[in-house]
Amino acid sequence: MIDLRSDTVTRPSQAMLASMAAAEVGDDVWGDDPTVLRLQAAVAERAGKEAGLFFPSGTQSNLAALMAHCGRGDEYIVGQSAHTYRNEGGGAAVLGSIQPQPIANAADGSLPLDEIAAAIKPIDDHFARTRLLALENTIGGKVLPAGYVAEAVTLANSRGLATHLDGARVCNAAVASGQSIAALCAPFDSVSICFSKGLGAPVGSVLVGSADLIESARRWRKVLGGGMRQSGLLAAACLYALEHNVDRLAEDHENAEHLARGLAEIDEVHVQSHATNMVFAQFPQEHCAPLEAALKEQGILTQVLYGSRFVTHMDVKRADIDMFVSAVKAYFAE
Ligand SMILES: *Cc1c(COP(=O)(O)O)cnc(C)c1O
């Protein structure tokens with residue numbers, strides 16, 4: 001099977017499984033799982049933050065961060081296409097009593113500064129208290145422009161807002177842009193980093209920030225049901241990923257570019273690729289379902305939609321990309 005649906009589909013390698021099996025564990029709710037503590041410290045150091053906290057999912061890590069920053073009746077400013085707003089079941093509102101204030105993302109993934117400024121509410125009993133600006137990097141496979149991030153965070157801070165980064169794929173952003181993970185995280189008060197995406201671990205995200213913020217997030221993690229016991233087994237996979245699978249993301253990015261170049265040779269397909277591991281392509285509506293079925297018959301899993309997304313990852317090799325592109329070419333040649 002060639003699975004281009006997402007970078008969440010990677011399976012743990014033998015070496016990763018071996019490091020999990022060898023992990024020293026304890027009860028992390030009691031704070032004494034040494035492998036979890038090691039992961040949290042390692043990620044905090046890589047991100048240039050004081051402390052880290054291990055979560056079972058990025059959704060929970062983002063939510064606990066939002067709840068640590070915002071109280072009931074507070075508000076956070078977020079992109080319409082941001083994962084925390086669009087793809088996390090409305091958790092901030094449902095479980096956090098936090099009002100989202102969405103703003104349309106510009107084509108480069110940014111939130112226009114004048115619109116952020118206009119969305120910040122005055123202190124007045126009529127309004128929710130605007131507490132937080134949340135950005136995402138990468139967003140839709142794009143690295144946010146560094147100059148933009150600095151300006152947006154300066155604006156937020158000047159109006160008394162804290163800032164959170166959904167950095168599910170911040171390692172992809174770092175590898176693609178040549179900036180360090182710490183440099184990309186530096187402007188933000190908190191950052192959530194996923195290990196179950198391109199880094200290849202089966203489970204896990206780490207939230208990083210100040211010691212105070214992480215203490216508050218730890219309480220919300222317990223409330224949200226994310227306190228885990230011998231979770232060093234899982235943290236070991238994330239430590240393995242941090243040590244072995246960051247730099248190799250460059251290979252996924254090259255494969256995505258190769259995939260984009262291949263699809264661009266087909267007249268019926270319109271392709272946009274960004275510098276990371278995602279390729280977006282438009283297919284004529286009438287071809288979507290039959291092409292998806294034809295690919296599936298050849299062992300290629302993708303969602304073919306009018307606006308399709310193909311994601312490269314460590315379980316997709318260059319030869320798999322060639323096979324996929326040939327299959328799409330063969331479909332349109334018929
Ligand atoms: C995957 C992802 C998350 C977290 O998702 P989980 O499946 O809950 O781990 C958060 N933000 C972005 C941008 C993501 O891609």
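# Close-up views of a predicted model

**View A. Strand β3 (residues 74-79) and its neighbour β5 run parallel, joined by four bridges.** Strands here are DSSP runs of E with at least two residues, helices are DSSP runs of H or I with at least four, and both are numbered from the N terminus. Two strands count as paired if DSSP finds at least two bridges between them. This is a predicted model, in which local features need pLDDT of at least 70, side-chain atom pairs count only at pLDDT 80 or more, and totals for chains, interfaces and linings use all residues. Residues are numbered from 1 along each chain as its sequence is written, and side-chain values use heavy atoms, with hydrogens and water left out.

View B. How many of the eight residues of β5 (residues 129-136) are buried? Six are, so β5 is largely enclosed by the rest of the structure. Buried means under 20% relative accessible area, exposed means over 50%, and partly exposed lies in between, with a 1.4 Å probe and protein chains only.

**View C. A cis peptide bond links N137 to T138, with omega near 0°.** T138 sits in the loop between β5 and α7. S97 has its own backbone feature: a phi near 55°, positive although S97 is not a glycine. For context, most residues other than glycine have a negative phi, and most peptide bonds are trans. S97 belongs to the loop between α5 (91-96) and β4 (99-103) and is partly exposed, at 32% relative accessible area. Its C-alpha atom lies 38 Å from that of G178, which is 81 residues away along the chain.

**View D. Strand β2 (residues 51-55) is covered on both faces.** A51, L53 and F55 are buried on one side, and G52 and F54 are buried on the other. With five of its five residues buried, β2 is largely enclosed by the rest of the structure. In a regular strand the side chains alternate between the two faces of the sheet. The partner to look for is strand β8 (residues 205-209), which pairs with β2 in the antiparallel sense over five bridges; G52 has V208 as its bridge partner there.

**View E. Three strands form an open sheet with antiparallel pairing, in the order β9-β10-β12.** On average, neighbouring strands are turned by 25° against each other, direction ignored (axes are lines fitted to C-alpha atoms, for helices over the stretch in contact, and angles run from 0 to 180 degrees between N-to-C directions). Five bridges join β10 to β12, and A281 stands opposite S308 of β12. V279, also in β10, counts as buried at 1% relative accessibility. V279 and L263 are 16 residues apart in sequence, with 9.7 Å between their C-alpha atoms.

**View F. The largest pocket has a volume of about 690 Å³.** S81, N87, G140, F280 and R309 are the closest to its centre among the 27 lining residues. Elements α4 (83-86) and β10 (278-282) each give two or more residues to this lining, which divides into seven nonpolar, 13 polar and seven charged residues. On a 1 Å grid over the protein atoms alone, a pocket is an open set of points where a 1.4 Å probe fits, with protein on both sides within 12 Å along at least five of seven lines; lining residues have an atom within 4 Å of a point. Points are joined across faces, edges and corners, and the volume is the space filled by probe spheres set on them.

**View G. The second largest pocket has a volume of about 160 Å³.** Its lining includes M1, I2, D3, L301 and H313. By class there are five nonpolar, one polar and four charged residues (Ala, Val, Leu, Ile, Met, Phe, Trp, Tyr, Cys and Pro are nonpolar, Asp, Glu, Lys and Arg charged, and the others, Gly among them, polar).
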